[in-house]
Amino acid sequence: MASQSDQAGFVDRLQRIVGREHCLSDPANLYVYGSDALTLDPGSPALVVLPASTQEVAEVIRACREARREFVPRGAGTGLSGGAHPTQDAVVISCMRMGAILEIDERNRLATIQPGVVNADLSKAVEHLGLFYAPDPSSQQACTVGGNVAENSGGPHTLKYGTTTNHILALEMVLPDGTVTRLGSPSGFSAGYDLVGAVVGSEGTLGVVTEMTVRLTQIPEATETALVIFNDVPSACRLVGRVIRSGMIPAAMEVVDQRTVVALEASVYAAGLPVDAGAVLIVELDGAQCELPSQLLRIREMAEQEGAREVSVAKSPEERTQFWRARKGAFGAMGRLAPDLYVHDAVVPRARLPEVLEGICEIG
């Protein structure tokens with residue numbers, strides 16, 4: 001246990017590094033950094049520091065190392081895995097002040113950014129160039145790309161575009177001894193082990209990422225979003241399997257069960273989904289304009305074969321946005337059903353989805 005004088009000296013050193021106003025020690029301020037969105041078993045950080053540069057992060061880590069103090073990096077705190085939970089009396093290093101887009105390379109479809117850049121803001125910044133950043137977690141209006149790197153975040157469009165690791169080309173990071181290193185390259189190719197791949201998804205346990213080069217994607221020429229209405233969840237899952245077996249790869253396919261639909265339609269995320277439906281399957285297609293009509297027709301035919309009672313297509317970009325706003329608001333809407341919610345990510349072989357979800361629905 002550090003003496004009071006040692007503690008005071010440690011705090012003073014951190015304040016000199018990041019500025020007094022960016023070194024938080026008041027219990028009321030520390031409370032909100034006790035967990036991420038998984039509020040089960042929160043911790044109690046001793047301090048929270050908000051550095052503004054790689055150099056400040058390195059100096060903070062060196063100070064922690066010399067004082068033998070644990071530290072935990074943190075983004076926006078929207079994660080659901082406990083990746084940003086501090087251990088008792090740890091120092092939380094929040095990267096929220098490091099929110100600059102440092103460079104946009106339109107020709108090579110790259111962007112170099114700091115970890116505090118909000119996911120959705122990156123796509124907005126390059127939209128005028130006909131580009132976007134593909135990973136789209138449900139919390140993308142608030143989560144940071146640095147946090148996405150730590151968690152290897154996915155999203156509804158993972159089906160076609162992959163998770164965060166498929167879009168990170170190079171990283172700058174501060175190692176636990178305070179040294180700064182660079183991994184990967186803007187080309188996406190480098191000699192030796194795939195160290196970028198090892199860092200993405202490591203939840204900050206290997207160091208603090210302070211800069212990243214990300215891959216940008218061309219905005220598709222056309223997008224179509226369909227709602228397929230079923231009387232039960234297994235039928236919706238059987239359509240998912242049928243579509244994939246056909247060789248078609250939609251941009252996204254998301255099943256929303258009746259209980260979730262009812263909660264959504266009673267919330268601010270209401271999108272006009274039928275509350276009497278056993279399941280709603282959102283299917284999104286994107287690509288060349290000439291390809292989509294025939295793909296939509298195939299989706300309709302397969303949906304009818306699986307007993308769908310209705311297939312409707314979004315009539316405008318605004319309606320499409322409304323559908324996805326409802327899907328991404330499902331977590332928040334669950335608050336209408338119970339004050340507490342514990343989320344699990346499960347991996348189920350696609351062929352067994354109908355029987356697994358049928359069993360879950362029977363239990364529920």
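Colleague: What makes the pairing of the glutamate 306 side chain with the arginine 242 side chain a polar contact?

Modeller: The distance. This is a predicted model, and in it the two side chains come to 2.8 Å. The cut-off is a pair of N or O atoms within 3.5 Å, so the pair qualifies.

Colleague: Where does glutamate 306 lie?

Modeller: In the loop between helix 10 (292-305) and strand 15 (310-313).

Colleague: Why is glutamate 306 called buried?

Modeller: Its relative accessibility is 14%. Buried means under 20%, so glutamate 306 counts as buried.

Colleague: Which residues does glutamate 306 touch, leaving out those up to four places away in sequence?

Modeller: Phe230, Ser235, Leu239, Arg238 and Arg242.

Colleague: Now phenylalanine 331. Why is phenylalanine 331 called partly exposed?

Modeller: Phenylalanine 331 has a relative accessible area of 40%. Buried is under 20% and exposed is over 50%, so 40% falls in between. The residue sits in helix 12.

Colleague: What makes the nonpolar surface patch that includes Phe331?

Modeller: Leu80, Phe331, Leu341 and Val343 make it, with an area of about 320 Å². Patch residues need over 30% relative accessible area, so Phe331 at 40% passes that cut-off.

Colleague: How do you know that the span of helix 11 is close to the expected one?

Modeller: Helix 11 (residues 317-328) has 12 residues. From first C-alpha to last, helix 11 reaches 16 Å, and 16 Å is expected at 1.5 Å a residue.

Colleague: Which residues of helix 11 are buried, and what do they pack against?

Modeller: Phe323, Trp324, Ala326 and Lys328 are buried. Their packing partners include strand 12 (222-230), helix 9 (258-265) and helix 12 (330-333).

Methods:
Residues are numbered from 1 along each chain as its sequence is written. This is a predicted model: local features need pLDDT of at least 70, side-chain atom pairs count only at pLDDT 80 or more; totals for chains, interfaces and linings use all residues. Side-chain values use heavy atoms; hydrogens and water are left out. Helices (H or I, at least four residues) and strands (E, at least two) are DSSP runs, numbered from the N terminus. The expected span of a helix is 1.5 Å times one less than its number of residues. Buried means under 20% relative accessible area, exposed over 50%, partly exposed in between (1.4 Å probe, protein chains only). Contact means heavy atoms within 4.5 Å. A polar contact is a pair of N or O atoms within 3.5 Å; within protein, one must be able to donate a hydrogen and the other to accept it, and residues adjacent in sequence count only if both atoms are side-chain atoms. Patches are made of residues with over 30% relative accessible area and no salt bridge: like charges are joined within 9 Å, nonpolar side chains (Val, Leu, Ile, Met, Phe, Trp, Tyr) within 5 Å. Accessible areas come from the Shrake-Rupley method with a 1.4 Å probe; for residues, only the protein chains shown count as cover. A salt bridge is a side-chain nitrogen of Lys or Arg within 4 Å of a carboxyl oxygen of Asp or Glu.
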